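Student: I'm new to this one. Could you take me through a close look at a single part of it?

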Amino acid sequence: MEFTMTGFSEEAGIRRFKFRGTSVNRTYQEFAVHTDVALARKYGIGLQELPLLCRRLLERDVEKLDVNIIIFSEELMREHSDQCAAAERATQERRKAHRRPNPTRLGEHWRGPQPPTVG
């Protein structure tokens with residue numbers, strides 16, 4: 001099933017994203033994903049990220065969907081936040097592994113060692 005966001009509304013801190021699910025045989029079904037904006041901020045999830053995360057939630061659970069309204073729960077937000085933190089740690093580890101050359105000896109390999117300056 002392919003999901004397309006058709007709109008959203010917000011009331012009392014709950015953002016409701018509306019999606020249209022199109023199946024292979026071109027039948028349509030309407031879905032809604034409700035998210036708590038305050039919880040999203042608590043876990044560092046930007047408002048711009050929410051529609052894509054809600055769509056991924058629908059795609060992940062498409063086989064289990066027997067209702068048309070899904071809650072993007074705190075547990076799922078925590079899981080997403082943990083995954084982002086793990087990816088950031090991996091990026092930092094890769095950066096640490098890269099050794100930068102000593103700026104005082106930069107170019108020495110092609111110039112050859114220079115005699116020390118007396119000053």
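Tutor: Let's zoom in on threonine 22, which counts as buried because its relative accessibility is 13% (buried means under 20% relative accessible area, exposed over 50%, partly exposed in between, with a 1.4 Å probe and protein chains only). Before we go on, this is a predicted model, where local features need pLDDT of at least 70, side-chain atom pairs count only at pLDDT 80 or more, and totals for chains, interfaces and linings use all residues. Residues are numbered from 1 along each chain as its sequence is written, and side-chain values use heavy atoms, leaving out hydrogens and water.

So what does threonine 22 touch? Leaving aside residues up to four places away in sequence, threonine 22 is in contact with Met1, Glu2, Thr27 and Tyr28 (contact means heavy atoms within 4.5 Å). Threonine 22 sits in strand 2, residues 14–22 (helices, H or I with at least four residues, and strands, E with at least two, are DSSP runs numbered from the N terminus).

Now look at the neighbours of strand 2. Strand 1 (residues 2–11) runs antiparallel to strand 2, joined by 9 bridges (two strands pair if DSSP finds at least two bridges between them). Strand 3 (residues 28–36) is also antiparallel to strand 2, again with 9 bridges. Lysine 18 in strand 2 shows both pairings: glycine 7 stands opposite lysine 18, and alanine 32 is the bridge partner of lysine 18 in strand 3.

Finally, the turns. The hairpin of strands 1 and 2 has 2 residues between them, with alanine 12 at a positive phi of about 55°. The hairpin of strands 2 and 3 has 5 residues between the strands, and there arginine 26 takes a positive phi near 65°.
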